[in-house]
Amino acid sequence: MAVIKQTRLDRIELTPSNIIQLRFLLEDVDNGRVVSSAYHRTSLEPGILLVDQIATVNTHLFVMGWPTIPLRDQNQIALMVTREHTPVVIATFNAARVHL
């Protein structure tokens, strides 16, 4: 049986500054057994265009020879962004950035 490469969302964390951190697990699976794994990380600042960030990560995964982020994981990420990155959070984040 051939080795199957898979990408899946492994962890979502919200930092105190409302940045969403994502960790993807990249696995090589042979006959149901994980033979190697690695992580790929990215973060989402409040106000970032999620579609652009997903496209950037998917391009990077493709170039490295991994499958893109599964749609179910993209949907889970979108739900968290919608819930956590409210207009008030985005405005507060941007205001804090201006004063740095």
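This is a predicted model: local features need pLDDT of at least 70, side-chain atom pairs count only at pLDDT 80 or more; totals for chains, interfaces and linings use all residues.
Residues are numbered from 1 along each chain as its sequence is written, and side-chain values use heavy atoms, with hydrogens and water left out.

View 1. I77 counts as buried because its relative accessibility is 1%; buried means under 20% relative accessible area, exposed over 50%, and partly exposed in between, for a 1.4 Å probe and protein chains only. With neighbours within four places in sequence left aside, the contacts of I77 (heavy atoms within 4.5 Å) are L9, L22, F24, L44, L50 and I54. One of these residues, L44, is 33 residues from I77 along the chain, and their C-alpha atoms are separated by 9.8 Å.

**View 2. The salt bridge between D10 and R23.** A salt bridge is defined here as a side-chain nitrogen of Lys or Arg within 4 Å of a carboxyl oxygen of Asp or Glu, and by this rule the count comes to six. In the pair formed by D10 and R23, the closest N and O atoms are 2.4 Å apart. D10 is partly exposed at 28% relative accessibility, whereas R23 is buried, with a relative accessible area of 14%.

**View 3. The salt bridge between E13 and R11.** The closest N and O atoms of E13 and R11 are 3.7 Å apart. E13 is partly exposed, its relative accessible area being 35%. R11 is likewise partly exposed, with a value of 39%.

**View 4. The salt bridge between E45 and R97.** Here the closest N and O atoms, from E45 and R97, are 2.2 Å apart. The pair links distant parts of the chain, 52 residues apart: E45 is in the loop between β3 (33-44) and α1 (50-63), and R97 is in helix α3 (residues 87-98). E45 counts as partly exposed at 32% relative accessibility, and R97 is partly exposed with a relative accessible area of 41%.

Note on methods. Helices (H or I, at least four residues) and strands (E, at least two) are DSSP runs, numbered from the N terminus.
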